[in-house]
Amino acid sequence: DLKNLTYDKDNQTLDERLTKYFSEILDYLLENKENSDWDLVKRNLQVRLLLILDTETQTVKTKVINRKVEAHCEFAEVLSGECGDDCSGSGGIYPIDELDLPPFHPNCQCEVIYYEELTDSEEEIEDLELEVEKVYFE
């Protein structure tokens, strides 16, 4: 279900977010009928739509990857992007079921690193080493 994959940290749906942005532009145009700066309107719409598109793309990517690897990984870590001090990214390694997935805000650039389950079984370790040799030395 695509609605479960979209950004929701602002408690709005994608439709509500788009409606809000378009309403703000329409309000500006109605208030400034005679003096509307059309270049400003175009830039504003472009910036906001790209912001939404980037954030939604990051959200879908993060959630899909998480769903694909959660059965195979035990822990994950959020690496802070170049978002600034307001971002809640990074801060340790967490069990995958306790992880708060990015993006934490629009245009968030934080990424998740997943760690596979650790094993003490010598047989599993040997199998893993053979897989690595196969990948790197063939």
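Is Asp 10 buried, partly exposed or exposed? With a relative accessibility of 29%, Asp 10 counts as partly exposed; buried denotes under 20% relative accessible area, exposed over 50%, and partly exposed the range in between (1.4 Å probe, protein chains only). The model discussed here is predicted, and local features need pLDDT of at least 70, side-chain atom pairs count only at pLDDT 80 or more, and totals for chains, interfaces and linings use all residues. Residues are numbered from 1 along each chain as its sequence is written, and side-chain values use heavy atoms, with hydrogens and water left out.

The chain contains 3 helices and 3 strands, where helices (H or I, at least four residues) and strands (E, at least two) are DSSP runs numbered from the N terminus. Along the sequence these elements are arranged as α-α-β-β-β-α. Of the 138 residues in the chain, 24% are buried.

The whole structure holds 5 salt bridges, each defined by a side-chain nitrogen of Lys or Arg within 4 Å of a carboxyl oxygen of Asp or Glu. In one of them, Asp 10 pairs with Arg 17 at 2.8 Å, N to O. Arg 17 has a relative accessibility of 5% and therefore counts as buried. A further salt bridge, also given as 2.8 Å from N to O, joins Arg 17 to Glu 56. Because Glu 56 belongs to helix α2 (residues 38-69) and Arg 17 to helix α1 (residues 14-31), this pair ties together parts that are 39 residues apart in sequence. Both Glu 56 and Arg 17 are buried.

Another salt bridge is formed by the side chains of Glu 111 and Lys 61, at 3.1 Å, N to O. It links distant parts of the chain, with Glu 111 in strand β3 (residues 111-116) and Lys 61 in helix α2, 50 residues apart. Glu 111 is partly exposed at a relative accessible area of 34%, and Lys 61 is partly exposed with a value of 34%. As for the salt bridges that share partners, they join Asp 10, Arg 17 and Glu 56 into one network.
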